[in-house]
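Good morning, and thank you for coming. Please look at the structure on the screen, and I shall then go through its strands, its charged pairs and its aromatic rings.

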Amino acid sequence: MTHSILPKEFYEAPTLELAQNLLGCLLVKKSEDGLTSGYIVETEAYKGPIDRAAHSFNYRRTKRTEIMFHSPGHIYTYVMHTHCLVNVVCEEVDQPEAVLIRALEPVEGIDLMKQRRGTDVIKNLTNGPGKLTKALNITMKDYGHTFYDSSLYIAEGYKPEHISSGPRIGIQNSGEAVHYPWRYWVTGNSYVSR
């Protein structure tokens with residue numbers, strides 16, 4: 001399978017738009033033990049400065065959030081509990097916003113994904129943000145690179161016929177932000193996290 005890597009310009013879209021544009025795109029990771037990929041089927045948008053659920057709320061700049069202040073298309077990984085999660089940095093420099101990749105539909109390297117995840121149930125390989133990073137071997141080493149020029153990249157996929165939206169998951173202590181309908185998913189796709 002040949003991959004047509006999306007250019008830097010692809011990421012120069014408003015955050016909520018990019019979160020939807022990413023659906024159907026192919027997330028690919030090249031590792032020493034092989035290549036794995038999956039179609040992005042679920043995302044969540046985080047609009048930093050105005051979004052209590054975002055790590056960069058109110059322009060909070062820390063060692064962890066530093067990359068969110070960089071140009072669109074940078075990779076923002078962080079560890080939540082024991083899981084590494086992967087985000088796409090978006091908006092202009094010093095406007096710290098990002099899109100979390102929540103779920104994938106596995107495409108390439110499925111046997112390798114099964115080995116990494118310790119399960120033979122294909123549906124459970126990548127149907128959550130921590131599951132997909134483990135399946136694709138996305139780690140903190142990917143932090144700060146770009147999705148258009150690294151071993152972790154996003155390529156052309158397909159355009160979903162229907163996209164659904166609703167509140168984001170796991171952000172209970174974020175005031176009114178808990179209700180923002182900024183989670184997007186490919187309608188009816190069985191790999192969506194819930």
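This is a predicted model: local features need pLDDT of at least 70, side-chain atom pairs count only at pLDDT 80 or more; totals for chains, interfaces and linings use all residues.

**Strands, charges and rings**

Cys 90 stands opposite Glu 97 in β5. Residues are numbered from 1 along each chain as its sequence is written, and side-chain values use heavy atoms, with hydrogens and water left out.

I begin with the strands. Helices (H or I, at least four residues) and strands (E, at least two) are DSSP runs, numbered from the N terminus. Two strands pair if DSSP finds at least two bridges between them. Strand β4 covers residues 83–90. It is joined to β5, residues 97–108, by four bridges, and the two run antiparallel. In this hairpin six residues lie between the strands, and Glu 91 takes a positive phi near 70 degrees.

Strand β4 also pairs with β3, residues 75–80: six bridges join them, again antiparallel. Here Tyr 76 has Asn 87 of β4 as its bridge partner. The hairpin of β3 and β4 has two residues between the strands, and His 81 takes a positive phi near 60 degrees.

How many of the eight residues of β4 are buried? The count is seven, so that the strand is mostly covered. Buried means under 20% relative accessible area, exposed means over 50%, and partly exposed lies in between, with a 1.4 Å probe and protein chains only.

I turn now to charge. Side chains of opposite charge can pair when their charged atoms come close. A salt bridge is a side-chain nitrogen of Lys or Arg within 4 Å of a carboxyl oxygen of Asp or Glu. By this rule there are nine salt bridges. One of them joins Arg 168 to Asp 51, with the closest N and O atoms 2.6 Å apart. Arg 168 is in the loop between β7 (163–166) and β8 (183–186), and Asp 51 is in the loop between β2 (34–46) and β3, 117 residues apart. Both Arg 168 and Asp 51 are buried.

Arg 61 meets Glu 66 in a salt bridge at 2.9 Å, N to O. Arg 61 counts as partly exposed because its relative accessibility is 44%. Arg 61 also forms a salt bridge with Asp 94, at 3.3 Å between the closest N and O atoms. Asp 94 lies in the loop between β4 and β5 and Arg 61 in the loop between β2 and β3, so this pair ties together parts 33 residues apart in sequence.

A charge sits over a ring if NZ of Lys or CZ of Arg is within 6 Å of the ring centre and within 35 degrees of the ring normal. Arg 61 sits over Phe 69, 4.2 Å from the ring centre, and Arg 168 lies over the face of Tyr 46, at 4.6 Å.

Finally, the aromatic rings. Rings of Phe, Tyr and Trp (its six-membered ring) pair if their centres lie within 6.5 Å; planes under 30 degrees apart count as stacked, over 60 as edge-to-face and the rest as tilted. The whole structure holds seven aromatic pairs. One of them, Phe 10 with Tyr 11, is edge-to-face, at 5.2 Å centre to centre and 90 degrees between the planes. Tyr 11 and Tyr 148 form a tilted pair, at 6.2 Å and 40 degrees.
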